[in-house]
Amino acid sequence: MIPDVTPSGVFYLPPTGWLTSFYNPPKLLSKKQLKYSKALHAVKPLGAVFHKENGLVYQTEEEKRQQRITHVKPLLDRFYQYLGSITSPQGRLCAAIKNALKLRTRVYRIFENGQIPLSNNSLEGEIRFTTLVRKNCLFAKSVRGAEANAIYYTLVATAKTNKLNVYKYFKYLFDRLPNQKRSDIEAFLPWAEEVQQVCHN
């Protein structure tokens, strides 16, 4: 555990992912089966959670936190109450319910900090490229290779977040860092004034 860091949880899958990943897809079920599908009944309150989250109106992270407590928490409570009421779940649905209940405390940290996302879908999209090219990266599957990849993509993502042209930023670093004599690297961080002027998109 990293000191002074509180782990949080997010929903790995969108609402429909619950159904398709942990139970039979709707197109394979008859209307009668759908009527009694426990997974489908779990999707509905979870879908309402995401719908309400996406409709929140706020100016600050604290306002977002308060809005979540007022509008999202009752729906999330309902979702977990339903999961707890399911008796004798089987197979992948059973595993999904156990995992969801185990991580409930972490998910509820969205009501402590408005910066914590409800879902990691945006992050999944950001790292999708790394998973697509991983098999073509010679050392990506070793521990040190994975660490190198993580450092590289962290630099890329941070540059993008600060609205830098990634190529210009890396060229800036490679041109200057080899001759860098100072131990202070603050001047080379993406938000540094000179970096912003030279490498801005």
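This is a predicted model: local features need pLDDT of at least 70, side-chain atom pairs count only at pLDDT 80 or more; totals for chains, interfaces and linings use all residues.
The expected span of a helix is 1.5 Å times one less than its number of residues.

Start by colouring the chain by pLDDT. The mean for the protein is 80, and 79% of its residues reach 70 or more. Now select residues 12-25, where the pLDDT is below 50. Beyond near neighbours in sequence, this stretch has 39 contacts in the model.

Next, select residues 61-85, helix α4. Its 25 residues should span 36 Å, and the end C-alpha atoms lie 33 Å apart, which agrees. Centre on Val72: α4 bends there by about 50°, and Pro74 follows within four residues. Val72 is also one of the buried residues of α4.

Move on to residues 91-102, helix α5. The 12 residues reach 17 Å from first C-alpha to last, close to the 16 Å expected. Select Leu93, Cys94, Ala96, Ile97 and Ala100, which are buried. They cover an arc of only 165° around the axis, so they sit on the same side of α5. Turn to the face directed away from that buried side to find the exposed residues Gly91, Arg92, Lys98 and Lys102.

Finish with the cysteines Cys94 and Cys199. Cys94 has a relative accessible area of 18%, and it counts as buried because the cut-off is under 20%. Cys199 is buried too, at 0%. A search of the whole structure finds zero disulfides.

Key. Residues are numbered from 1 along each chain as its sequence is written. Side-chain values use heavy atoms; hydrogens and water are left out. Helices (H or I, at least four residues) and strands (E, at least two) are DSSP runs, numbered from the N terminus. Buried means under 20% relative accessible area, exposed over 50%, partly exposed in between (1.4 Å probe, protein chains only). The arc is that of the directions from the helix axis to the C-beta atoms. pLDDT is the predictor's confidence in each residue, from 0 to 100. Contact means heavy atoms within 4.5 Å. A disulfide is a pair of cysteine sulfur atoms within 2.5 Å. The bend at a residue is the angle between axes fitted to the seven residues ending there and the seven starting there.
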